[in-house]
Amino acid sequence: MGCGVTKSNHLHKHTTSSGRGDTAIRAAILIQRWYRQYVARREMRRRYTWHIFQSIEYSGEQAQIKLYNFLGYLMDNFTPSSNERNLISHIFRENEVCRDAEWERYFCYKNIEVPEIYSGPHLTFPLTVEEAVGLVEAFRNKKQLHSRYVLQLLLETWKLLRMLPNINRISTCHSKEITICGDLHGQLEDLLLIFYKNGMPSLEKPYVFNGDFVDRGRDSIEILLILFAFLLVYPSNVYLNRGNHEDHIVNLRYGFTKEVLNKYKMHGKRILKLLQKIFSWLPLATVIDQKVLVLHGGISDSTDLGVLARADRHIYISALRPPKKRHHSLAGISIDSDTDVDTAAISRVFQRRASFTYPKPLGTRDCFQNRSLQDFSDRIRVNMENQLELSRREEPTLNAQINKPEQESLFLSTDSVSSDTTVDEWKQILDLLWSDPMTQDGCIPNEVRGGGCYWGPDVTEDFLNRHNLQLIIRSHECKQEGYEFCHNRKVLTLFSASNYYDVGSNRGAYVKLGPDLVPYLIQYQASSMTRELTVRQSVGRTERSALRVLREQLFAHKSDLLCAFRKFDSENTGLVSLNDWASAVESVMHLDLPWRMLRSQLVTCKNSEGTIDYYEWFNELAITGSKTDHIDQSLLETLYRHRSTLETIFRIVDTDNSGFISMQDFRQTWKLLSVYLKMEITDEAISDLAITIDSNHDGSIDIDEFMEAFRLTDKKSRLERGRSMFMGTTSDLTKLEGDPNI
């Protein structure tokens, strides 16, 4: 019996332990299932957050290109003496009739005194290693370089860049490895961290910096001065490629122009003009060991390194528009077709068109806002060819009225159409600076950014084979890990500005290449705050910033959204179902977001029946101050939606870079915007707007004050931290910080 009892106890223990094991397994499965769901939800949040940021960033770039196309159209089709044309003509004077020696006299720094109380770094030339390192330390300690030294440093850099080829060719045999950095975008903390981790440039540690040094960050000029200083000290060990943001037109929108003028109020205009020259002389690409191509944006199916190597890169002051031809009169004077010419007699004889009239109707708004720069160039060419034909017909009249041969030759050579060779070069440079890779084969226009193209793996393969290369390293796109391989690991995207959209949004990275040409990647995050956040906190913080930006965009499209909701609300009850709400929002925003999932973060006014009161929803989004109560609401919405475009036009109109524009120029700016948007804005509405902001009644508008008065964005957000990532489109959503639904 004892044995039986023993066996029974053994079986009981076995059954108990087996039950416990089953429970543990079930618990483990539940935990695993919960964790997978948690990871999936977190990944979904991460993806839509990223998609919000990138969509709005790229739409801003597209808007900038469309605006520049529009202004270029005005330049080519308005009367030369019209007020509207005169407002914007200065940004198109890209080939001023001036020799380099004359420019050097204009940029002369010798008459600028350095006061004794100046405590910043002092520079002597030729620059020494110690002075370059001292400059880094000074900027680390928030000191500012005196404008005399800035101009001197920039002038020496310009002289050096003019001697460099379009494509630098370097080798790893002179050093163990070469370090390559991607976009920095004015984030000095990232550059300082790279130097801390990897060492400063030297004979043993060469660097390639792959463009987009400026814009969006608050320390763009400091980054430029550091890079130029090391370029002067180590011209054979520091290489700089041009990016799409090394462009004075882009700088108007994304903050660099404003930064320079704020930091160097007295000599900022000269500094910016010299930087235009420098940007145009930056090399286009770098080839390492004849096998690795480093360029900023990308390639297309027509990219030819031979063509790029022969291009006159310095004539492309802005890559957004093909350069104008220079013409020569009988007197031997070089004339640029966009340069103002003081010939009153000619102006009286040849009045092309009245102000704000067009040779032909512009058509619909969709066809006016060209997405392809190449297509727009073709339109301009057709217009100019028609214009040439008209001038040929009018030649006898002109000859009869203009007696001087110099004037006759001057006027009859107003052809501004670039040669086929120049246009081909321009398209290749545009592709090089603006293009992005895609997963599918082929090459198509980059409609998301508005410039350049998307190219596929087949284009990469063909390009590498034709040029006997094995890898393309490019930048231009923010990546969450700081880098990303694509096209069978033959294209590497490298981005060095960490926390680009917000704290914790992405890592930065740089890459080292040794003689084996195998990429060794180093990742980092510059902000100490990110190291203190958990993964959940980091995702949550970034998500809140993205949702704030998304709410701003939704409020800016209020009129379009109301129309879309009313299609689903035929009885005008003000209520729509969740499905209809999601469909309507997507039909207007075109962001391809999971709107049903985002409803809880975006909408709190859901009633017991599960429908959404969209009027109440807009009341939640809108935060208006007493100053704006009397302003026409449609005008106010236009201001919010196109705030960046309006500020860009303001910066263009402010020709003396004073930060102020007259009431007349203010009205002309709004007229330009109304034509650009194909909408009617009354003089009365514009006057109300001007009176609202001109609080001291001095007859001029402070641009910064005006834009701040209508900045309804949370100023604590990193998106608005001086660099103004999206230049703030609409409503102040500070109250959402404590929203439990987010």
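This is a predicted model: local features need pLDDT of at least 70, side-chain atom pairs count only at pLDDT 80 or more; totals for chains, interfaces and linings use all residues.
Residues are numbered from 1 along each chain as its sequence is written, and side-chain values use heavy atoms, with hydrogens and water left out.

The chain holds 29 helices and 20 strands; these are DSSP runs numbered from the N terminus, with helices being H or I of at least four residues and strands E of at least two. Of its 742 residues, 56% are buried, meaning under 20% relative accessible area with a 1.4 Å probe, protein chains only. Take the contacts (heavy atoms within 4.5 Å) between residues at least 6 apart in sequence: 74% join residues at least 24 apart.

The largest nonpolar core has 63 residues, a core being a set of buried Ala, Val, Leu, Ile, Met, Phe, Trp, Tyr and Cys residues joined through side-chain atoms within 4.5 Å. L145, F209 and L275 touch the most other members, and helix α7 (residues 220-233) gives the most to this core, eleven residues. Apart from it lies another core, of 60 residues, including L67 and I652. Leaving aside residues up to four places away in sequence, L145 touches Y118, P121, L123, L135, F139, V150, L225 and Y264.

Now for a helix pair. Helix α9 (residues 256-263) packs on helix α10 (residues 268-281) at about 140°, with the axes 8 Å apart; axes are lines fitted to C-alpha atoms over the stretch in contact, and angles run from 0 to 180 degrees between N-to-C directions. That makes α9 oblique to α10, oblique being whatever is left after under 35 degrees (roughly parallel), over 145 (roughly antiparallel) and 65 to 115 (roughly perpendicular). On the α9 side, F256, T257, V260 and L261 make the contact, and α10 brings G268, K269, I271, L272, L275 and F279. The buried residues of α9 are F256, T257, E259, V260 and L261, and they pack against α7, α8 (248-254) and α10.

Two non-glycine residues have positive phi. H185, at about 45°, lies in the loop between β2 (178-181) and α6 (188-198) and is buried, with a relative accessible area of 2%. D215, with phi near 80°, is found in the loop between β3 (207-209) and α7, and is buried too, at 0% relative accessibility.

Methods. Buried means under 20% relative accessible area, exposed over 50%, partly exposed in between (1.4 Å probe, protein chains only).
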